[in-house]
Each structure stands twice: as C-alpha cells, then as structure tokens.
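Here are my notes for a first look at this structure. Please keep the sequence and the model open while you go through the points.

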Amino acid sequence: MTKFDSPTAAMQHALALATQGLGGVEPNPPVGAVIVDDAGLCVGEGWHQRYGGPHAEVFALEQAGPLARGATLYVTLEPCCHFGKTPPCSRAVIAAGVKRVVVAMSDPAPHVAGGGITELRAAGIDVEVGLCEAEARALTAPFVRWVTERRPWVHTKWAMTLDGKIASRTGHSQWISGPESRAKVHELRGRMDAIVAGIGTVLADDPLLTARPAGPRTATRIVIDPHARMHPTSRLVQTAREVPVIWVVANHIPADQTAALEAAGVERLSLPHDAATWFPLKDLLAILGERAMTHILIEGGGQLLGRFFDANLIDEYHIFIAPKLVGGATAPSPLNGFGQERIPSIASLDCPTVVTIGEDVYIHGRTSSSVQ
C-alpha cells in the first residue's frame with residue numbers, strides 16, 4: 001500500500017490520477033479520488049475514466065471496501081449530489097461511512113454548486129475545501145469554461161521556423177517540424193472534440209485532420225469557408241461519412257452551391273459574414289458548446305489564427321519551433337489579422353513549458369487571461 005506523508009501528497013496523487021481521464025470523460029471534468037486511513041495508507045483510489053461511467057469516488061470506494069469506514073477521502077472536485085448518468089457520489093460516500101472528505105475545489109456546475117458539500121456536512125462528515133485548489137482549477141479549466149460560458153476551450157497549434165514563418169513565400173509548408181513533433185500533434189488531436197481549419201489550409205494541403213493513430217476521441221473536422229470553395233474531391237469530403245465534417249459558410253450562399261457536398265455527408269453551418277467583421281466567432285463557439293464540445297483545436301493558417309487571436313478567444317497554445325530558416329518578407333507568419341498596437345507589458349502565456357522534441361522546441365502554455 002502507498003503511504004502518504006501529508007494531505008498535500010494524497011491530493012497531488014488524486015490530481016495525477018485525474019489526468020488519466022483526459023480525452024475520455026468530456027464534457028464531464030477529469031476527477032481523481034484517494035481514500036486514506038488514519039495511518040496515512042492508501043486503501044482505495046480511482047479516477048473518472050469515461051463519460052457515462054462511474055465517477056472517481058465510486059472506483060475508490062469499491063477498492064477500499066470496508067476500509068473506507070472512518071477513513072478520509074481526498075477528491076479533486078466536489079462530489080456530485082444529483083442523478084445524471086450515474087447516481088449521486090455524495091450518497092455513496094455517506095453510505096460508505098467515510099469520516100472526512102477533503103475537496104480541492106467546489107463544482108461550479110449549476111446543478112451541483114456546493115450541494116454535494118452541503119449534503120456531506122449535513123450527514124455529519126467533516127469537509128475541508130481548498131487543498132491544492134490552484135492545481136485543480138487548472139485541470140478543470142476547460143470544464144469550467146464549458147459549464148459557465150457554454151463554449152469550448154480553444155487550443156491553437158502551429159509549427160514555425162526560427163524566423164517565425166509557417167510556410168515559405170510560395171506557400172510550401174511540409175514539413176517544418178520533425179516527426180516527433182508531428183506525433184505530438186496527432187496525440188493532441190486525439191483528445192479534441194473538433195479540429196478547425198480555414199479554407200486556405202484545406203485547398204493548399206488537402207488535409208485529413210484526423211488523429212493517427214486514433215486517440216480516445218474522434219474530432220469533428222470543421223472548415224471555415226465563407227465563399228463555399230471546398231471541393232468535392234477533397235479528402236475531407238471523401239471521408240465525411242466516416243468522420244464528421246462541419247462546413248461553415250456565409251448564410252447568403254445559395255443552397256444549390258452546397259448541395260453536392262451536403263449529399264456527400266458534409267454538414268452545412270450557415271453564419272452571417274461580411275468583409276468587415278468576417279464570421280461571428282463567438283456565435284460559432286456557442287453553437288459548438290451547445291453540442292457539448294469541450295476542447296477544440298484551431299489548426300490555422302495565419303488568417304484563421306489571427307481572427308481568433310484578435311477576438312481574444314484562444315485559451316491554450318501549442319507551438320513547435322523547428323531549427324530552420326526560410327526568410328522572405330511575404331512568407332506567412334502564424335498570427336495575421338490586426339494584431340495588437342503595442343507590445344504587451346506582461347507575458348502573453350502564463351508559466352509556459354519549454355521542452356525539446358526531437359530537433360524542435362515545443363512551447364506550451366495558456367493565455368494569462370484564461371488562467372483562473
């Protein structure tokens with residue numbers, strides 16, 4: 001049995017367990033739970049593994065069995081108190097005879113919102129809230145975004161040269177990053193609800209926008225195409241019946257112009273569009289949020305990435321820098337659009353990580369405004 005030398009160590013183990021559910025539990029949050037006896041020994045642990053399946057507390061209680069009675073439960077998110085896909089975890093905790101519950105953070109979802117904590121305390125259980133809260137909030141930030149704002153967490157990814165180019169002046173872009181970086185991108189795709197690309201990228205590269213090998217989720221492919229230029233022979237259209245494709249076009253495009261692709265299985269999504277304001281990206285995110293999409297990945301071109309950047313809608317960045325130089329005043333950079341008038345006075349990313357992947361450098365971080 002694992003022995004924890006402190007409550008913090010027990011909660012950090014629960015947080016590590018929770019990360020194993022990423023990609024499998026959405027739109028639910030990732031949650032980990034650990035049950036510890038009076039001697040500090042772990043007698044049960046678990047994590048939420050898949051959407052619709054048992055929650056972390058249930059796995060931990062089942063593993064602990066009678067040893068849960070009189071023990072302490074460490075859980076990364078407030079136990080639920082409602083009947084949903086599964087019965088309330090709060091009642092299972094009470095029935096098991098747990099003496100004390102340590103919760104990293106309360107659940108902001110309106111159907112919970114402190115109700116689980118209240119129910120546990122009413123049953124005579126000692127409840128503490130806030131241990132490792134910052135780490136728990138970072139882990140559940142996409143879930144919090146979805147339940148409070150009803151929009152997905154927006155990731156962006158690009159590969160660029162040392163001089164900041166995502167393609168040469170002729171548009172050639174394969175391959176900037178190395179195979180190790182590309183494998184990381186496929187891993188990222190495999191836990192997304194949707195992958196978004198602009199029509200420029202689709203016409204230039206004819207991508208599939210799938211995860212290879214497949215991950216825990218199969219992302220819907222979304223193409224931003226105001227003037228409905230996507231071609232019926234594109235690989236996206238040819239595979240639309242296997243992996244969903246949403247085609248975002250201007251609402252003034254006539255039906256007969258999109259009929260062939262719709263017949264091939266592509267879903268048309270019409271939104272207002274004009275030269276000045278382009279598409280209402282917040283409305284697009286709201287539509288995806290209503291479809292229970294929690295994570296989406298913008299795979300640009302520079303115009304699309306720049307539009308999301310200008311609208312302050314990017315939450316998390318995945319940037320791959322290759323040790324290559326291409327030069328050229330007209331070679332594209334990652335973020336077009338208007339951009340900012342002045343250099344920011346603080347870092348744009350909060351505590352980014354910088355690691356080497358093969359010959360490339362991978363920079364990963366969340367926007368400072370997205371950190372809770």
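1. Start at the hairpin of S1 and S2. Five residues lie between the two strands, and Gly40 takes a positive phi near 85 degrees there. Helices (H or I, at least four residues) and strands (E, at least two) are DSSP runs, numbered from the N terminus. S1 and S2 run antiparallel and are joined by five bridges. Strands count as paired if DSSP finds at least two bridges between them. Val34 has Glu45 as its bridge partner in S2.

2. A word on the source. This is a predicted model, where local features need pLDDT of at least 70 and side-chain atom pairs count only at pLDDT 80 or more, while totals for chains, interfaces and linings use all residues. Residues are numbered from 1 along each chain as its sequence is written, and side-chain values use heavy atoms, with hydrogens and water left out.

3. S1 is largely enclosed by the rest of the structure, because five of its five residues are buried. Buried means under 20% relative accessible area, exposed over 50%, and partly exposed in between (1.4 Å probe, protein chains only). Gly32, Val34 and Val36 cover one side, and Ala33 and Ile35 the other. In a regular strand the side chains alternate between the two faces of the sheet.

4. S1 also pairs with S3, in the antiparallel sense, over four bridges. Ile35 has Leu73 as its partner in S3, and Val36 has Thr72. S3 is buried in both directions: Thr72 and Tyr74 point one way, Leu73 and Val75 the other. S3 then pairs in the parallel sense with S4 (residues 100-103), again over four bridges.

5. Now look at H2 (residues 56-64). Its residues Ala56, Glu57, Ala60, Leu61 and Ala64 are buried. They sit on the same side of H2, because they cover an arc of only 125 degrees around the axis (taken from the directions from the helix axis to the C-beta atoms). An α-helix has 3.6 residues a turn, so residues three or four places apart point the same way. The buried residues of H2 pack against S1, S2, S3 and H3 (89-96), with contact meaning heavy atoms within 4.5 Å.

6. Which residues of H6 are buried? They are Ser181, Val185, His186, Leu188 and Arg189. They cover an arc of only 155 degrees around the axis, which puts them on the same side of H6. Pro179 and Glu187, on the other side of H6, are exposed. The buried residues of H6 pack against S6, S7, S11, S12, S13 and S14.

7. The largest pocket holds about 1100 Å³ of space. On a 1 Å grid over the protein atoms alone, a pocket is an open set of points with protein on both sides within 12 Å along at least five of seven lines, and lining residues have an atom within 4 Å of a point. Its lining has 47 residues, and Thr201, Asp205, Glu299, Gly300 and Gly301 lie nearest its centre. H6 is among the elements that each supply at least two residues of this lining, as are S6, S7, H7 and H11.

Technical notes
1 Å grid on protein atoms, 1.4 Å probe; cavity = no way out; pocket = protein on both sides within 12 Å on 5 of 7 lines; lining within 4 Å. Points joined across faces, edges and corners; volume = space filled by probe spheres on them.
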